[in-house]
Every structure is written in C-alpha cells, then in structure tokens.
Amino acid sequence: MSDCHLVSAPRICVLSAAGGCGKTVIAFHLLAPFLLNPLLVCVKERIDFSGGLSPDNLLLVRNGDFGVVFEELTLNQGRPIIIDIDMTALEATCTKMKRFSGADEDIDVFLIPFTPEVYSIQRMIWTVRKLRACGISGQKIILVPNRLQARTLSSPIEDVMKVCEGPDAPRFFWDVFVEEDEIYNHFFRKQASFRSLLPCEFYRQKARDRHATREDRQNYASYAALAARAERVEPRLKQTFARLMVHISPGMAAAA
C-alpha cells in the first residue's frame with residue numbers, strides 16, 4: 001500500500017452483499033466526519049442519503065462503473081476517498097474491477113460491515129469470497145461489526161472467525177465495532193450526519209427565537225433534540241474511528 005495514502009489520505013471502500021448491514025453508517029458517520037475534505041463516491045443508482053455533505057464531497061457513479069471510480073482515484077491524489085458500493089452494484093463492480101489490472105492497489109482497505117444476524121454474516125462471507133476472487137488480498141479486507149449491543153455478537157461468531165483463519169485471511173478486530181443506536185435512523189430521515197448537526201446550541205437558540213413562526217421553532221426544536229443525542233454519539237464514533245485507523249495507518253490514528 002502507498003504510504004502517502006495511509007498517512008494523510010486513505011482510500012477506503014465500504015461494501016457488502018447484504019442490505020441494512022451498516023454501509024451508510026460506516027461511510028457517512030464513522031469515516032467521513034473524521035477525514036479532512038473527503039470525497040464520498042456512491043456506487044449506486046441514486047443517492048438516497050447525503051449526510052449533509054456538500055456537492056463537492058459527494059459523487060454518484062451508476063451501474064457499478066469501476067472505470068469512473070478508478071478515474072476519481074487518479075484525479076484526487078492526496079485526498080481521502082470513501083467508496084460506498086451498494087449491494088445491487090457489487091456484482092457489476094467486481095466484474096469491472098477484474099478488467100483493470102492492479103486497480104485495487106489504489107484502494108488501501110475494503111471494509112465489510114455486518115450485523116449479528118445470520119443472514120448478514122452469510123452475505124459478509126460471500127462478499128469476502130467475491131473480493132478474493134478478484135485477486136484482492138485478505139489483509140486488505142477488514143470486517144466491521146455493526147449494530148452491536150454491549151459488545152456482544154449474538155449470532156454464531158464461529159462463522160466470522162472461520163473466515164478469518166489462514167495466513168492471508170481478512171482481518172477482524174474486537175475493538176472496532178459500531179453500537180446499536182436508533183439515532184442513525186433519525187439521521188437518515190433528517191438527511192444529516194452528527195457532524196452536520198453540531199453545535200447543538202445553534203438549534204436551541206433558533207428554537208427560542210420569538211420572531212420565528214411556531215412551525216419553524218418546532219422544526220428547530222426537533223433538530224436541537226437530535227443534535228443533543230448526536231453530541232453523545234460523536235465521542236464513541238471518534239474512538240472507533242481512531243481504533244480503525246490504528247489497523248489501517250498508525251500515522252493517521254495519532255492525528256485523529
């Protein structure tokens with residue numbers, strides 16, 4: 001992997017063959033807020049969640065066109081890039097990735113989120129096999145548990161550990177996970193991330209503005225309540241991000 005990528009501008013691909021496993025949470029809430037001016041490339045038919053990112057930080061690539069993704073990786077040297085691949089585009093992306101010899105060398109790590117449900121774990125394993133069939137080293141694949149409660153995997157952890165066996169197996173770390181929290185569903189409905197909602201005091205002041213209409217004040221009060229919860233979520237996500245960066249790039253972890 002390129003030291004330049006790892007130290008200052010990682011290229012991170014988030015993907016899974018399972019829906020609802022946390023790709024959006026990982027891309028928009030765990031990664032993007034803690035990277036400097038990241039470009040989030042969404043490989044899907046449409047962007048249904050913007051996370052409060054500006055158009056300069058968000059790019060839609062349709063039909064799993066890895067050629068366009070490869071161009072963006074080349075054009076944006078020195079800039080952090082997050083590639084969020086929708087489950088419906090995974091097959092096409094992997095097929096087109098095979099046509100670009102060494103294309104995966106421009107991606108530092110592939111993150112595969114999964115939830116404790118058996119189906120999600122099975123699809124995670126399928127995704128690992130798909131990436132390996134593309135010639136991607138297991139050491140560039142990190143499995144990230146999502147929607148965990150009290151750090152406990154309630155589904156057969158043996159299936160996860162088996163896929164991590166061997167000298168070139170994917171990596172799995174007990175200290176890198178995202179806890180279950182209903183707040184992410186609220187973020188989705190508001191089209192916001194925790195970082196775009198902060199500071200909370202801004203919305204509180206707007207909600208107390210007597211010159212505003214009651215409807216506007218109620219709307220600001222709703223955002224203020226969500227922002228207050230976002231303030232509590234941020235430290236946990238930042239800690240998980242720092243732990244993840246330790247395994248991707250010790251230099252970045254120190255900076256975080």
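1. Helices (H or I, at least four residues) and strands (E, at least two) are DSSP runs, numbered from the N terminus. Just after H7, Gln191 takes a positive phi of about 55°. The model is predicted, so that local features need pLDDT of at least 70 and side-chain atom pairs count only at pLDDT 80 or more, whereas totals for chains, interfaces and linings use all residues. Residues are numbered from 1 along each chain as its sequence is written, and side-chain values use heavy atoms, with hydrogens and water left out.

2. In helix H7 (residues 183–190), the buried residues are Ile183, Tyr184 and Phe187, where buried means under 20% relative accessible area, exposed over 50% and partly exposed in between (1.4 Å probe, protein chains only). Viewed down the axis of H7, these buried residues fall within an arc of 100°, and therefore line one face of the helix; the arc is that of the directions from the helix axis to the C-beta atoms. The buried residues of H7 pack against helix H2 (23–31), helix H8 (194–197) and H10, contact meaning heavy atoms within 4.5 Å.

3. A nonpolar core is a set of buried Ala, Val, Leu, Ile, Met, Phe, Trp, Tyr and Cys residues joined through side-chain atoms within 4.5 Å. The largest such core has 43 residues, of which Leu31, Leu111 and Leu244 touch the most other members. Helix H10 (residues 214–248) gives the most to this core, with 12 residues. A second, separate core of 34 residues includes Leu39, Leu73, Ile125 and Val160.

4. Leaving aside residues up to four places away in sequence, the contacts of Leu111 include Ile12, Val14, Ile26, Leu31, Ile142 and Leu244.

5. Ile107 lies in the loop between helix H4 (90–97) and strand E5 (109–114), yet Ile107 is buried, with a relative accessible area of 0%. Not counting residues up to four places away in sequence, Ile107 touches Arg11, Cys13, Phe66, Leu73, Ile83 and Lys140. Of these, Ile83 is 24 residues from Ile107 in sequence and 9.2 Å from Ile107 in space, C-alpha to C-alpha.

6. The lining of the largest pocket comprises 23 residues, of which Gly20, Gly22, Lys23, Thr24 and Val25 lie nearest its centre. A pocket here is, on a 1 Å grid over the protein atoms alone, an open set of points where a 1.4 Å probe fits, with protein on both sides within 12 Å along at least five of seven lines, and lining residues have an atom within 4 Å of a point. H2 supplies the largest share of this lining, four residues.
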